[in-house]
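Welcome! Please take a look at it first, and then read on.

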Amino acid sequence: MENVLGLVALAAGLIIGLGAIGACIGIGIMGSKYLEASARQPELMNALQTKMFLLAGLIDAAFLIGVGIAMMFAFANPFQLV
């Protein structure tokens, strides 16, 4: 029983950690491309900014869904042996 709980805790940590790393890298790359594009064509800055914030929200939403799944595994453990 303790072995299963330990593996579930390890899996939850990996889900949260890798999701956070992926979201940070994605937002960093997107931000750098936004700055590059707005430097090349300043007249498109407002349209690009709107799209950048929309994508940032979608990237964060995907990460938070992963956090929710990890919390479900941690607290409502579906793998618990009775």
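Predicted model: local features only at pLDDT ≥ 70, side-chain atom pairs only at ≥ 80, totals over all residues.

The chain has two helices and zero strands, and the points below go from a pair of side chains to the chain as a whole.

- E36 has a partner: its side chain and that of R40 meet in a salt bridge, with 3.8 Å from N to O.
- The distance of 3.8 Å qualifies because the rule asks for a side-chain nitrogen of Lys or Arg within 4 Å of a carboxyl oxygen of Asp or Glu.
- Where do E36 and R40 lie? Both are in helix α1, which covers residues 2-40, and they are four residues apart, about one turn of the helix.
- R40 counts as exposed, because its relative accessibility is 65% and the cut-off for exposed is over 50%.
- How many salt bridges does the count come to? The count comes to one salt bridge.

- Which residues make the nonpolar surface patch? The patch is made by L7, L10, L14, L18, I21, I25 and I29, and has an area of about 710 Å².
- One of these residues, L7, lies in helix α1.
- L7 is exposed, because its relative accessible area of 52% is over 50%.

- A20 is another residue found in helix α1.
- Is A20 exposed, partly exposed or buried? A20 is partly exposed, with a relative accessible area of 25%.

**Helix α2**

- Helix α2 spans residues 45-75, which gives it 31 residues.
- From its first C-alpha to its last, α2 reaches 44 Å, close to the 45 Å expected at 1.5 Å a residue.
- Which residues of α2 are buried? They are M52, A56, G66, A70 and F73.
- A61 lies in helix α2 too, but counts as partly exposed, at 33% relative accessibility.

- A20 and F63 are 43 residues apart along the chain, while their C-alpha atoms are separated by 6.5 Å.
- A61 and A23 are 38 residues apart along the chain, and 9.4 Å separates their C-alpha atoms.
- Among contacts between residues at least 6 apart in sequence, 71% join residues at least 24 apart.

**The chain as a whole**

- The C-alpha atoms fill a box of roughly 65 × 15 × 10 Å, taken along the principal axes.
- What is the radius of gyration of the chain? The chain has 18 Å, whereas a compact globule of 82 residues would have a radius near 12 Å.
- Of the 82 residues, 15% count as buried.
- The accessible surface of the chain comes to about 5,900 Å², and 75% of this surface belongs to carbon and sulfur atoms.

Notes:
Residues numbered from 1 in each chain as written. Heavy atoms only, no water. Buried < 20%, exposed > 50% of the residue type's maximum accessible area, 1.4 Å probe, protein only. Patch = residues over 30% accessible without salt bridge, like charges linked within 9 Å, V, L, I, M, F, W, Y side chains within 5 Å. Areas by Shrake-Rupley, 256 points an atom, 1.4 Å probe, with all protein chains shown as cover. Rg over C-alpha atoms; globule rule 2.2 N^0.38 Å. Contact = heavy atoms within 4.5 Å. Expected span 1.5 Å × (residues − 1).
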